[in-house]
Amino acid sequence: MFALAAGGVATAATLFAPVSIPTYVPVAVGVVFLVVGVGFALLRYRAWGYEVRDDSLYLQRGVLTKVNTVVPFVRVQHVDSTRGPLERLVGLASTVVYTAGSRGADVSVPGLTPEGAEDLQDRLKRLAIASEGDDAV
């Protein structure tokens, strides 16, 4: 999408610029943005990882900035399996874990198969319920 916007800006610059720009320049700029965008998307995909531990979900992500997140099962409120339009188009799904805490305290595990997302959802749900008994008052 970013590449399309950049190509549109380059085309608009060609149409409204007082200086004559060769036709291949906007196309070349669009291709460069497309290649950089696809490369960055691939890096982001490859930079994701998760591990289900005994007492928590561990997430590691980031291309330029590495982020490590630990979600204790006692903090899990509920778990969803989602498939947006783009994910359905390419046959993928995500698992979203909603946690107790501040606003926006949910984490997502993207790029799973639909079956893998449902399996992860069920596994995290069972572990969250099991951990609830450990911390019950």
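This is a predicted model: local features need pLDDT of at least 70, side-chain atom pairs count only at pLDDT 80 or more; totals for chains, interfaces and linings use all residues.
Residues are numbered from 1 along each chain as its sequence is written, and side-chain values use heavy atoms, with hydrogens and water left out.

I begin with the overall layout. The protein chain has 4 helices and 6 strands; these are DSSP runs numbered from the N terminus, with helices (H or I) of at least four residues and strands (E) of at least two. Their order from the N terminus is α-α-β-β-β-β-α-β-β-α. Of the 137 residues, 25% count as buried, that is, under 20% relative accessible area, where over 50% is exposed and anything in between is partly exposed (1.4 Å probe, protein chains only).

UniProt, in an unreviewed entry, lists residues 24-43 as "transmembrane region"; such annotations may be inferred rather than shown by experiment. In the model, that stretch is 100% helix and 0% strand, with its end C-alpha atoms 28 Å apart.

I turn next to the interior. In general, nonpolar side chains in soluble globular proteins tend to be buried together. A nonpolar core is a set of buried Ala, Val, Leu, Ile, Met, Phe, Trp, Tyr and Cys residues joined through side-chain atoms within 4.5 Å. The largest one here has 16 residues, and Leu-57, Val-76, Val-97 and Leu-124 have the most contacts inside it. Two or more residues come from each of S2, strand S4 (76-82), strand S5 (93-99), strand S6 (107-112) and helix H4 (114-134). H4 gives the most, with 4 residues.

Which residues does Leu-57 contact beyond its neighbours within four places in sequence? With contact meaning heavy atoms within 4.5 Å, the partners of Leu-57 include Tyr-50, Val-70, Val-97 and Leu-124.

Ser-56 is found in strand S2 (residues 56-61). Ser-56 counts as buried because its relative accessibility is 6%. Leaving out residues up to four places away in sequence, Ser-56 touches Glu-51, Val-70, Val-71, Pro-72 and Phe-73.

Finally, Arg-53 lies over the face of Tyr-58, at 4.1 Å from the ring centre; the criterion is NZ of Lys or CZ of Arg within 6 Å of the ring centre and within 35 degrees of the ring normal.
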